[in-house]
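Colleague: Could you walk me through this structure while I have it open? I would like to take it topic by topic.

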Amino acid sequence: MLSHAAKVVLFTFAFMTIAEVEKSFIEQLKALYVANEARNMAWLTINHVCQISRSQFLLQKQEELSQEDQLSINHILDELQTGKPLQYVLGETEFYGLPFKVNPSVLIPRPETEELVDWILKTIEIQVGARESNVAFLKERARLLDIGTGSGCIPIVLKKNVPSASIFAMDISTLALEKAMENAALNEVDVQFIQDDIFNLHSKIQDLKFDMIVSNPPYVRLSEKSQMHNNVLDYEPHLALFVSDDDALSFYKQIVHFALTHLDDQGFLFFEINENLGQQMVELLTQTGFTDIELRKDLRGKDRMLKAVYKVSKV
């Protein structure tokens, strides 16, 4: 005979439909998320647990879920109510159409980083088609470096889309690199991961030249913490997020200094940046001799990414 607790569980979960689960997410997460965010979380959770398509989710709202699936969904919902990001709860996310494993040792990849990657890929495409510009890209032997790789989302997408390029990725965190290597294996690409500190280099990175360097380094000033959602502050790695207000461009200055001696002629430098420091970044690159500097806004109209070119002086 079932215990009283077991009967309650059966009663709670019996014959729940997709529509009812979606409604439950919206109601129980309303203190943390607006309805549309909660609705999207319901879809991502059901997709993760039930392995159904988007069209099934939209067209079969009255479809009943199994008790096993409902128990799994309820457990996920319980974790979400603590403020833990959905990507960490599920242990996975999608970036530029590819699957990535994530945990609190790496930042959750953001849409603006997808925009940066798209810009990089379009730049490479232009170079390959130019017939007279960057020799490395024309011969499809480009060497690219991502500094502060985290989950590995940037170099893995670049390698997937430019398989002939040699892709290097560096991070100071052992745990982050373990996750990045897992993601490279998941997406079946060969990226050369290196543990090193851009402020105190000791690896073979010091001896290499690159056609492109990209970085999404820590750029949130400590004074901006109050503007951030608690699910970021409480769960995502502060090492990858924050810089002091006294020297908010410290990582950028160091990477620019590195790029001056490690970019080949006509090499590209790409950054994701703090939306409030766009002009300061332009000034930094101008003062250090970079050319063709372009500051670009993301889809929300915020200064979020920057491209520059390094030209070797002929004097």
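Predicted model: local features only at pLDDT ≥ 70, side-chain atom pairs only at ≥ 80, totals over all residues.

Colleague: Okay, sheet first: what is the order of the strands in the open sheet?

Modeller: The seven strands of this open sheet follow the order S5-S4-S3-S6-S9-S11-S10, and their pairing is mixed. At the edges are strand S5 (192–195) and strand S10 (291–297), each of which pairs on one side only. From one strand to the next, the twist averages 15°.

Colleague: And how many bridges join S6 to S9?

Modeller: Strand S6 (residues 210–215) and strand S9 (residues 263–272) run parallel and are joined by five bridges. If you look for Ile213, you will find that its bridge partner in S9 is Leu269.

Colleague: Which strands does H12 touch where it packs on the sheet?

Modeller: H12 touches strand S3 (143–147), S6, S9 and strand S11 (303–310), and its direction makes about 160° with that of S9. Another helix, H13 (residues 278–287), lies across S9, S10 and S11 and runs at about 170° to S10.

Colleague: Changing topic, which residues touch the most other members of the largest nonpolar core?

Modeller: That core has 38 residues, and those touching the most other members are Leu145, Ile213, Phe258, Leu269 and Phe290. Helix H12 (residues 250–262) gives the most to this core, contributing five residues.

Colleague: What is Phe290 in contact with, leaving aside its neighbours within four places in sequence?

Modeller: Its contacts then include Val256, Ala259 and Leu260, as well as Leu269, Leu285 and Tyr310. Apart from this core lies another one, of 32 residues, with Leu177, Ala184, Val191 and Val214 among them.

Colleague: Now the charged side chains: how many salt bridges are there?

Modeller: The structure holds 15 salt bridges. In one of these, Arg110 is paired with Glu236, with the closest N and O atoms 2.8 Å apart.

Colleague: Why does that pair tie together parts that are apart in sequence?

Modeller: Arg110 lies in the loop between strand S2 (98–101) and helix H7 (111–130), whereas Glu236 lies in the loop between helix H11 (230–233) and strand S8 (242–243), so the pair ties together parts that are 126 residues apart in sequence.

Colleague: Is Glu236 buried or exposed?

Modeller: Glu236 is buried, because its relative accessible area of 5% falls under the 20% cut-off. Arg110, by contrast, is partly exposed, with a relative accessible area of 25%.

Technical notes
Residues numbered from 1 in each chain as written. Heavy atoms only, no water. Core = buried A, V, L, I, M, F, W, Y, C linked by side-chain atoms within 4.5 Å. Buried < 20%, exposed > 50% of the residue type's maximum accessible area, 1.4 Å probe, protein only. Helix = DSSP H or I, 4+ residues; strand = E, 2+ residues; numbered from the N terminus. Contact = heavy atoms within 4.5 Å. Pairing = 2+ DSSP bridges. Axes fitted to C-alpha atoms, helices over the stretch in contact; angles between N-to-C directions. Salt bridge = Lys/Arg side-chain N within 4 Å of Asp/Glu carboxyl O.
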